[in-house]
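This report is meant to be read beside the sequence and the 3D structure. Please keep both in view while reading.

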Amino acid sequence: MPDDRPITLLGIESSCDDTSAAIVRRGIDGRAEILSNIVSGQTDLHAAYGGVVPEIAARAHAEKLDVVTEAALAEAACDLHDLNAVAVTAGPGLIGGVLSGVMFAKGLALGANLPLIGVNHLAGHALTPRLTDGLMFPYLMLIVSGGHCQFLLVEAADRFHRLGGTIDDAPGEAFDKTAKLLALPQPGGPEVEKLAGDGDPTRFRFPRPLLDRPGCDMSFSGLKTALLRARDACIADAGGAGLPATDRTDLCAGFQAAIADVLEEKSRRAVELYLNARPAEPSFAVAGGVAANGAIRRRLQDLSDRNGLRFVAPPLKLCTDNAAMIAWAGIEAALLGRYDDMTLSARPRWPLDTTQAAMLGSGKKGAKA
Ligand code: KG4
Ligand code: ZN
């Protein structure tokens, strides 16, 4: 696709528990415009089970895909003839949901005689700063959510170098588990952050795993055990009459400080590696639900300021799962001439950086990415 003409794509996302369709247009000046971005969540359907149930998710996607697509076209005041291609998440994610999306997109593309583009969901997240802020390659990216945590050197729309990531839990998962242990509502991140603001971050010294080891890998699974022990000690000290409110706020503050310390130090190392590549416009972008945390955001912003990097945190609704990022990644693929055909298949696992040995967290199956 030549880049001297506007391109308009429909994007479709159904890899976890959000069914989404969006229309994105790239103008001849290279600027992106989100004409619509409809997201239909499934939280209520899964609430009783304490997690996303793959079969329920897949069926709900199959029921909602045409509804969100019609809504996206209507809001954008477009019909299928205005589109240049259909982009769809082809992985990684829950196989049933991804399959629903891919089958739907194939039917639409075939029926409307449009090219089809299979998009890696993580590429969607990683390319979002170009959609929102027009970042130039190469930039450094931290994806930090409930199911994911990794540093990526984004070298081109189809070239991602993974600098490191979590070897077990993602930080959002740790926030959610902490909230559960402290009897706070889900999702836990915003609740823990709220209480942490009133607490003493120095009273409880939780572990900072892997800081003593070189590199950018992280580990967060040990934190919940440390927190559980500290919580039980507080309850025992209070004579077994529940957890005193000040202990709860101090536990939240101590926990958040541990996560922030790890993310800041590992980001510092990732920045160092990134700057070795001598980027023309050094930039550090962060995406994912945990990027909403003010304390963590401030640390990463300060780190960027100290190192002369532009810090970009896209608006939250574009950081979490949505189809606008899939449409945009599709546009980037179209500009590189990368199209798929009817043999496109759904991939539950699909690491972005295929040059490195697959590890947990690099396009993992199941948990939201
Ligand atoms: O990106 P997202 O919406 O979905 C996933 O891909 O997981 O991220 C959700 C995660 C949840 O674990 C939630 O607790 C966390 O992001 N989160 C936060 C905050 N807001 C959301 N974590 C820390 N502080 C916050 N303010
Ligand atoms: Zn995601």
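The sections below cover the model, the domains, the ligand site and some details of the backbone.

## The model

This is a predicted model, in which local features need pLDDT of at least 70 and side-chain atom pairs count only at pLDDT 80 or more, while totals for chains, interfaces and linings use all residues. Residues are numbered from 1 along each chain as its sequence is written, chains are lettered from A and ligands numbered from 1 in the order in which they are written, and side-chain values use heavy atoms, with hydrogens and water left out.

## Two domains

The protein chain is assigned domain 1 (7–134 + 321–367) and domain 2 (139–316). These bounds come from an automatic or database domain assignment. Taken over C-alpha atoms, the centres of the two domains are 27 Å apart.

Contact here means heavy atoms within 4.5 Å. By that rule, 23 residues of domain 1 are in contact with 23 residues of domain 2. Between them the domains bury about 1900 Å², with 64% of it on carbon and sulfur atoms. Buried area is the accessible area (1.4 Å probe) that two parts lose on being put together, summed over both.

## The ligand site

Ligand 1 is surrounded by 19 residues, and the closest are G146, D176, E193, G289 and T320. A residue is near a molecule if one of its heavy atoms lies within 4 Å of it. The shell divides into six nonpolar, ten polar and three charged residues. In this scheme Ala, Val, Leu, Ile, Met, Phe, Trp, Tyr, Cys and Pro are nonpolar, Asp, Glu, Lys and Arg are charged, and the others, Gly among them, are polar. Helices α5 (171–181) and α6 (188–196) each supply at least two residues of the shell; the largest share, four residues, comes from α6. Helices (H or I, at least four residues) and strands (E, at least two) are DSSP runs, numbered from the N terminus.

Which backbone atoms lie by oxygen atoms of ligand 1? A backbone N or O atom of G146 is 2.8 Å from a ligand oxygen atom, one of G289 is at 2.9 Å, and one of G189 is at 3.0 Å. A polar contact is a pair of N or O atoms within 3.5 Å; within protein, one must be able to donate a hydrogen and the other to accept it, and residues adjacent in sequence count only if both atoms are side-chain atoms. The protein covers 88% of the 550 Å² of accessible area that ligand 1 has on its own. Such areas come from the Shrake-Rupley method with a 1.4 Å probe; for residues, only the protein chains shown count as cover.

## R130 and the backbone

R130 belongs to helix α4 (residues 121–133). Its side chain reaches the backbone oxygen of L135 at 2.9 Å. Not counting residues up to four places away in sequence, R130 touches L135, M136, F137, Y139, W328 and E332.

F137 is joined to P138 by a cis peptide bond, with omega about -10°. P138 sits in the loop between α4 and β6 (139–144). A cis peptide bond also joins G91 and P92, with omega about -10°.
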